Amino acid sequence: SAGTPQLRKAVAAKLERDNGIKVSPEQVIVSCGAKQSVYNSMQVLLDPGDEVILVAPYWMTYTEQIRLAGGTPVVVHADAADGFLPDYQKIKDAVTPRTKAILINSPSNPTGAVWPRETIKQVAALALRHGLWIVTDEIYEKLIYGGTTHVSIASLSGEVADRTITINGCSKTYSMTGWRIGYAAAPLPVAKAMSNLQDQVTSNPTTFAQMGAIVALQLPSESVESMRSEFEARRDLIVRLLREIPGVSLEAPHGAFYVLPSFAGVLSGKIRTDFDLADYLLEKVHVATIPGAVFEAPGHLRLSYATSRADIERGVARIAEALQQLPT
């Protein structure tokens with residue numbers, strides 16, 4: 001149920017090689033995607049009323065999975081002007097006697113923010129001081145730009161690793177979208193609890209997909225670097241084009257493959273909210289976006305640049321055209 005021995009061994013080897021995290025294969029739980037790994041974590045860690053701190057904008061699944069486990073999301077907000085980087089003081093101030101865990105997503109969906117090493121170290125010290133768990137979703141770890149460095153919090157020390165569940169998967173780094181292979185590495189008692197839970201829910205992830213994941217985790221770094229480099233070029237392109245549109249503002253993200261620009265400067269008349277604008281762009285020029293409000297980032301839209309440069313150019317041109325014809 002926890003994955004084939006071969007894949008668990010390959011994941012353990014990958015974590016030590018790439019992330020500086022030393023775990024045994026028995027501490028690895030392979031699931032049907034990183035999303036299930038997050039769900040399993042919340043189910044085994046939380047009791048009703050426990051609080052989990054997370055940083056907004058966030059992927060909306062996190063709050064719902066916390067609630068499904070009977071927990072309460074405690075949201076601290078990052079500012080667009082700071083590139084949506086977390087404010088450690090806000091995280092510290094959010095700790096209460098009911099806090100059970102801190103949830104990290106770096107690089108972030110939807111913002112592309114990559115948490116700095118100093119912030120990671122501060123959060124680790126905070127968790128140790130209060131006896132908190134750390135759940136870190138690192139699914140976009142290889143997609144980082146501009147010389148940014150990804151830091152796995154569990155690599156800081158054995159003491160931190162003993163309080164951390166590290167989550168990752170194959171869908172982003174290896175373009176294995178739809179294969180549904182994610183994994184978590186956790187202290188052994190937590191890993192056993194996650195395995196027992198999963199055994200009663202989905203049993204094992206698809207076996208032949210696990211075979212593909214073994215091959216992916218052993219690919220040479222050059223194959224991943226070529227994709228990362230192309231994503232960085234696409235990021236630069238979409239940021240430049242969006243900045244040319246009057247009323248649109250954004251900071252260049254340092255990871256993942258999303259931008260979360262602010263359209264507050266164009267919202268008026270019949271198009272007052274990001275939901276209105278997303279509907280308008282879809283109906284008027286057939287461009288699909290996600291309203292920022294679902295990530296607790298009202299006035300923004302999330303755009304993905306996991307597509308060709310030609311589609312990026314065409315899509316942003318359509319947005320610019322549509323904004324010139326906003327209904328009053």
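How many bridges join β1 to β7, and do they run parallel or antiparallel? The legends below take up this point and others in a predicted model.

**Figure 1. The seven-stranded sheet.** In this view, 7 strands form an open sheet, and their order is β1-β7-β6-β5-β4-β2-β3. The pairing in this sheet is mixed. The edge positions are taken by β1 (28-31) and β3 (72-77); each has a single partner strand, so one side of each is left without a neighbour in the sheet. On average, and with direction ignored, neighbouring strands are turned by 20° against each other.

**Figure 2. The β1, β7 and β6 end of the sheet.** The opening question is settled here: β1 and β7 run antiparallel and are joined by 4 bridges. Serine 31 has glycine 182 in β7 as its bridge partner. On the pairing of β6 with β7, the sense is again antiparallel, over 4 bridges. Isoleucine 167 stands opposite alanine 184 of β7. Side chains in a regular strand alternate between the two faces of the sheet. In β7, Gly182 and Ala184 point one way, while Tyr183 and Ala185 point the other way. All four of these residues are buried.

**Figure 3. Strand β5 and its surroundings.** The strand β5 (133-137) pairs with β4 in the parallel sense over 5 bridges. Within this pairing, isoleucine 104 stands opposite threonine 136 in β5. Trp133, Val135 and Asp137 point one way from β5, whereas Ile134 and Thr136 point the other way. Because 5 of the 5 residues of β5 are buried, this strand is largely enclosed by the rest of the structure. Helix α5 (residues 117-130) lies across β4 and β5 and runs at about 165° to β4.

**Figure 4. The β2 and β3 end of the sheet.** Strands β2 and β3 run parallel and are joined by 6 bridges. Alanine 56 stands opposite histidine 77 in β3.

**Figure 5. The three-stranded sheet.** Here 3 strands form an open sheet in the order β8-β10-β9, with antiparallel pairing. The strands at the edges are β8 (258-259) and β9 (290-291); each has a single partner strand, so one side of each is left without a neighbour in the sheet. Strand β10 (residues 301-304) is joined to β8 by 2 bridges, and the two run antiparallel. Tyrosine 258 has serine 304 in β10 as its bridge partner. Helix α10 (residues 274-285) lies across β9 and β10, at about 40° to β10.

**Figure 6. Threonine 173 in its loop.** Is threonine 173 buried or exposed? Threonine 173 is found in the loop between β6 (164-169) and β7 (182-185). Its relative accessibility is 5%, and buried means under 20%, so threonine 173 counts as buried. Apart from neighbours within four places in sequence, threonine 173 is in contact with Ile139, Lys142, Val224 and Met227.

Figure 7. A probe the size of a water molecule, rolled over the atoms, shows where empty space is left. The structure holds 1 cavity of 30 Å³ or more. About 120 Å³ of space lies in the largest cavity. It is lined by 15 residues, and Val55, Pro57, Asn105, Ser108 and Trp115 are the closest to its centre. The elements that give two or more residues to this lining are β2 (51-56) and β4 (99-105). Strand β4 gives the most, with 3 residues. By class, the lining has 11 nonpolar, 4 polar and no charged residues.

**Figure 8. The largest pocket.** This pocket has a volume of about 390 Å³. Among its 24 lining residues, the closest to the centre are Ala34, Lys35, Trp59, Ser171 and Lys172. Helices α2 (34-45) and α3 (61-68) are the elements that give two or more residues to the lining. The lining divides into 10 nonpolar, 9 polar and 5 charged residues.

**Figure 9. The second largest pocket.** About 320 Å³ of space lies in this pocket. Of the 17 residues that line it, Asp18, Glu141, Lys142, Ser221 and Val224 lie nearest its centre. The elements that give two or more residues to the lining are α1 (5-19) and α9 (221-243). The largest share, 4 residues, comes from α9. By class, the lining has 7 nonpolar, 4 polar and 6 charged residues.

Methods. Residues are numbered from 1 along each chain as its sequence is written. This is a predicted model: local features need pLDDT of at least 70, side-chain atom pairs count only at pLDDT 80 or more; totals for chains, interfaces and linings use all residues. Side-chain values use heavy atoms; hydrogens and water are left out. Two strands pair if DSSP finds at least two bridges between them. Contact means heavy atoms within 4.5 Å. Axes are lines fitted to C-alpha atoms, for helices over the stretch in contact, and angles run from 0 to 180 degrees between N-to-C directions. Buried means under 20% relative accessible area, exposed over 50%, partly exposed in between (1.4 Å probe, protein chains only). On a 1 Å grid over the protein atoms alone, a cavity is a set of points where a 1.4 Å probe fits but cannot get out, and a pocket is an open set with protein on both sides within 12 Å along at least five of seven lines; lining residues have an atom within 4 Å of a point. Grid points are joined across faces, edges and corners, and a volume is the space filled by probe spheres set on the points. Ala, Val, Leu, Ile, Met, Phe, Trp, Tyr, Cys and Pro count as nonpolar, Asp, Glu, Lys and Arg as charged, and the others, Gly among them, as polar.
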